[in-house]
Amino acid sequence: MSPATAGRKRTGRARNALLGAVGVLVAFAACEALGRSGMVRSTFLPPASEVLVRAVELGGDTTFLNGVGATLEAWATGLALACALAIPLGLLLGSVPAAAQATRVLIEFLRPVPSVALIPLVSLLLGAGSETTVALVTYACVWPVLFNTVYGLGETDPLAKDTLRAFGFGRLAVLLMASLPSAAPFIAAGVRISAATALILAVAGEILAGFGEGLGTFIAQAGMATDGTRDVLAGVVWAGALGLVINLALTAVERRLFPWAPEHRGSRA
């Protein structure tokens, strides 16, 4: 890629980041003005500055941070289990057409079922603890990783596989040496998509449980307080910030590990 093209990409990313920052500032100013105008009672919508100050204060609260740690633990556990299940299964379904056909009806039946709809059943089976949250996160995160893995295998260059077969490599060797590296950027994208879903479900599961420890539990308990709107919104700010940091981190890892992927070419030039 030419230096001019790489420079245009860097300029485009900087412009997008600037526009994103402007959007955040505009939303912040609108919420601040609405909260202080008296049009909405402060008990329903506190000024954005007060919410931001409260969010910063929570950063020094050990109990709150322990809850955030519990949420991140459930998030990471569920996401790891989903990857451990989805990637091998995706490699199998993408490599063995008979297996894909045999499981197609079951997968198409289970895939549309929302994880939230399973909360009563999973809570009945596992209780309302972290196990329920991990199970819901795992179920929801399996699908993006699974389908991205299968799709990535389908995008493998046939010439690369034929070349390995011509040199006497077996099916497993071709899968590990050609198909898996080709599918790796797609798998990473699936993991990044699932990471956001996992965080949403981890917090939502804790909110519905209403007890224990976790960011969602903090939000749920603050919502039941007489004047807890500020704490609720501060917890939401923390959830959004965590999601943003996780997405940026995974995107940076993708760029470093897979610079040849079309969406990342020139990003390090």
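Here is a short chat about the helices and the nonpolar core of this predicted model.

Modeller: Residues count from 1 along each chain as its sequence is written. As the model is predicted, local features need pLDDT of at least 70 and side-chain atom pairs 80 or more, while totals for chains, interfaces and linings use all residues, and side-chain values use heavy atoms, without hydrogens or water.

Biologist: Why are H8 and H10 called roughly antiparallel?

Modeller: They pack at about 170 degrees, with axes 10 Å apart. Axes are lines fitted to C-alpha atoms, over the stretch in contact for helices, and angles run from 0 to 180 degrees between N-to-C directions. Angles over 145 count as roughly antiparallel, so this pair qualifies.

Biologist: What makes up the contact of H8 with H10?

Modeller: Its residues divide into 9 nonpolar, 3 polar and 2 charged. Among them are Val191 and Arg192 of H8, and Leu242 and Glu254 of H10. Contact means heavy atoms within 4.5 Å.

Biologist: What makes a set of residues a nonpolar core?

Modeller: The members are buried Ala, Val, Leu, Ile, Met, Phe, Trp, Tyr and Cys, joined through side-chain atoms within 4.5 Å; buried means under 20% relative accessible area (1.4 Å probe, protein chains only). The largest one here has 41 residues, and Leu79 is among those with the most contacts inside it. H8 gives the largest share, 10 residues.

Biologist: Which residues does leucine 79 contact, leaving aside neighbours within four places in sequence?

Modeller: Val137, Cys141, Val191, Ser194 and Ala195.

Biologist: How do you know what the chain does over residues 74-93?

Modeller: An unreviewed UniProt entry lists that stretch as one of the "transmembrane region" features. In the model it is 100% helix and 0% strand, with end C-alpha atoms 28 Å apart. Helices here are DSSP runs (H or I, at least four residues), and strands are runs of E, at least two.

How values were computed: Buried means under 20% relative accessible area, exposed over 50%, partly exposed in between (1.4 Å probe, protein chains only). Angles under 35 degrees count as roughly parallel, over 145 as roughly antiparallel, 65 to 115 as roughly perpendicular and the rest as oblique. Ala, Val, Leu, Ile, Met, Phe, Trp, Tyr, Cys and Pro count as nonpolar, Asp, Glu, Lys and Arg as charged, and the others, Gly among them, as polar. UniProt positions are given in the numbering used here, feature names are shortened, and annotations may be inferred rather than shown by experiment.
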